[in-house]
Amino acid sequence: MRVEPIAAILLRQWYLLRGSPVRALPMFAWVGIDIVLWGFISRFLNSVSAAGINFTAMFLGAVLLWDLCGRVMQGLTTAFLEDVWSRNFLNLFASPLRISEYVTGLVIASIATSMVGLAVMLALAVPVFGLSFLALGLHLLLFLLVLYGFGVALGILASAMVLRFGPASEWLVWPIPALLSPFCAVFYPLTVLPAWMRGVAYLLPPSYVFEGMRAVLQGRPFALLPALCALTLAALEIALAGYYFVRVYRRAVRTGLLARYSAETVS
Amino acid sequence: MTESAAAVALRVRDLRKNYGKVQAVDGVSFEVGPGEIVGLLGPNGAGKTTIINTILAVLTPSSGSIRIGNIDVSRQRSLALARTNFAAVYATLPGNLTVVQNLRFFGLIYRVRALSHRIEELLRQFTLDALRDTKCGVLSSGELTRVALAKALLNRPRLLLLDEPTASLDPAAARATRSAIRARARDTDCGVLWTSHNMYEVEEVCDRVLFLSHGRILLAGDPRALPGEHGARNLEELFIQLASEPLAHPSEQLT
């Protein structure tokens, strides 16, 4: 992989943000709303619960981490969709740009934009609602790594879906995090899920993160094996999503879809 | 690699592309020499754009080979495309970036050395300086064409593919563009594959033309000599004559 083409993908995103500040709004507006909403819900639950459970850390922390994962996915998908919306595929893919460089550029762009979201979330959640991530200690780094990895895998998968099924399939892509959240056990332990849902949850790295987070917050020992399992799964899913993207791209080149990619629907 | 292979800007051999039972390109072979401008002519649907897309590696041929210089496009796509560039009316640059931003973006992708200097050169050459900070989405079609041509010359390509490059230009701008491309081909040995429906332009610009119909090359030669050789008054008449004829059997082609 070469630096300049990756830098080009990043530079384009920077130009778009600089040229239209409205694009920056989704980076923090929705996460801000989520933090405020769940911040007050957590505060209320803390006030009516006598069980000594820290709902702020449990719920608000979970919302923050789950939002982050979704931001990474949406950041990557949006960067890809910019090329769909501006009908730029022919210019891009008839150039020396390699697929690996293109996808790497999208991944770095999404990580950078989601960092902005993370900063906003922390700026709201820590001082306003008293969320302390220090309680998670160094485990937090591991959790963030897994969630970033899974967000990247979802983003690559979503981009491949748009490339495969056409621009109209965009609407299929945005709800993916919402569809997965019940399986990822963001707000409740895995044990409350029926067996088949638990089976799905074991394939999703965030479910290990949220289980781990609850364990740490409740003072239970942190299990290293599930954490490593989550990291391995995230890495595997990035590789699988990348493989799927390359397959979809090659099919698009073989069938001529890439050369005429602008139609509302393709098959 | 043989010496003769390296001595051509583009070599296409027995290129075929079929979509199911439809044969879009049917055994096309041709070469573009260094500094040569070759016109690819034919009615709509003849297979011109399909050929250009296969050369640009955005469409996989069903069979055949394409070499840009001495590089096989199917094996070393990125390397082959680094010495190629293109402009086409259907491949507009992102409208949400300014002229300079677009040139910088593609300049990085093509890894152009001394990029800022190169951009300034091209802005001057295509009289785009006044539009440098204008978003491409608000440019006129003629201005957009000039930006697309500037992008196409960013990497000083050895092979330039131009699909109706002057279609949106006024006569003066079209003439200037033709002059610029001719000069580029002459001075840098850049091979050019040029499609156009403007036969007067083709006569003026192209060293050689290939008439394409139903995915096959029916006729090839000097655009100034061909009409006389085939009993037509001019290239346009020859074009209409060929386009209206049913497809000749390969053994009866007028090559």
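**View 1. Domain 1 and domain 2 of chain B, whose C-alpha centres lie 25 Å apart.** The model shown here and in the other views is predicted. The domain assignment of chain B places residues 3-83 + 158-252 in domain 1 and residues 94-156 in domain 2. Where the two meet, domain 1 of chain B contributes eleven residues and domain 2 of chain B contributes ten residues. On the domain 1 side, helix 7 of chain B (residues 171-188) supplies the largest share, five residues. By residue class, the side of domain 1 that touches domain 2 comprises six nonpolar, three polar and two charged residues.

**View 2. Contact of chain B with chain A.** The contact joins 25 residues of chain B to 26 residues of chain A. Two or more residues of the chain B side come from each of helix 3 (77-82) and helix 4 (99-109) of chain B. Which of the elements of chain B gives the most to this side? Helix 4 of chain B does, with five residues. The side of chain B that touches chain A is made up of 16 nonpolar, seven polar and two charged residues.

**View 3. Crossing of helix 3 and helix 6 of chain A.** Helix 3 of chain A spans residues 55-85 and helix 6 of chain A spans residues 139-165. Their axes come within 8 Å and cross at roughly 30°. Angles under 35 degrees count as roughly parallel, so helix 3 of chain A is roughly parallel to helix 6 of chain A. The crossing of these two helices is right-handed.

**View 4. Residues in the contact of helix 3 with helix 6 of chain A.** Helix 3 of chain A takes part through residues including A:Leu65, A:Leu68, A:Cys69, A:Gly70, A:Met73, A:Thr77, A:Phe80 and A:Val84. Among the residues of helix 6 of chain A that they meet are A:Phe143, A:Leu147, A:Tyr148, A:Gly151, A:Gly155, A:Ala158, A:Ser159 and A:Val162. The residues of this contact divide into 18 nonpolar and five polar, with no charged residue.

**View 5. Residues 263-267 of chain A, where pLDDT stays under 50.** For this stretch of chain A, the model has eight contacts beyond four places in sequence. Over chain A as a whole, the mean pLDDT is 87. A pLDDT of 70 or more is reached by 97% of the residues of chain A.

Note on methods. Residues numbered from 1 in each chain as written. Chains lettered and ligands numbered in written order. Predicted model: local features only at pLDDT ≥ 70, side-chain atom pairs only at ≥ 80, totals over all residues. Axes fitted to C-alpha atoms, helices over the stretch in contact; angles between N-to-C directions. Helix = DSSP H or I, 4+ residues; strand = E, 2+ residues; numbered from the N terminus. Parallel < 35°, antiparallel > 145°, perpendicular 65-115°, else oblique. Left-handed = near helix turned anticlockwise from the far one by under 90°. Contact = placed C-beta atoms within 7 Å. Nonpolar A, V, L, I, M, F, W, Y, C, P; charged D, E, K, R; others polar. Domains from an automatic or database assignment. pLDDT = per-residue confidence, 0-100.
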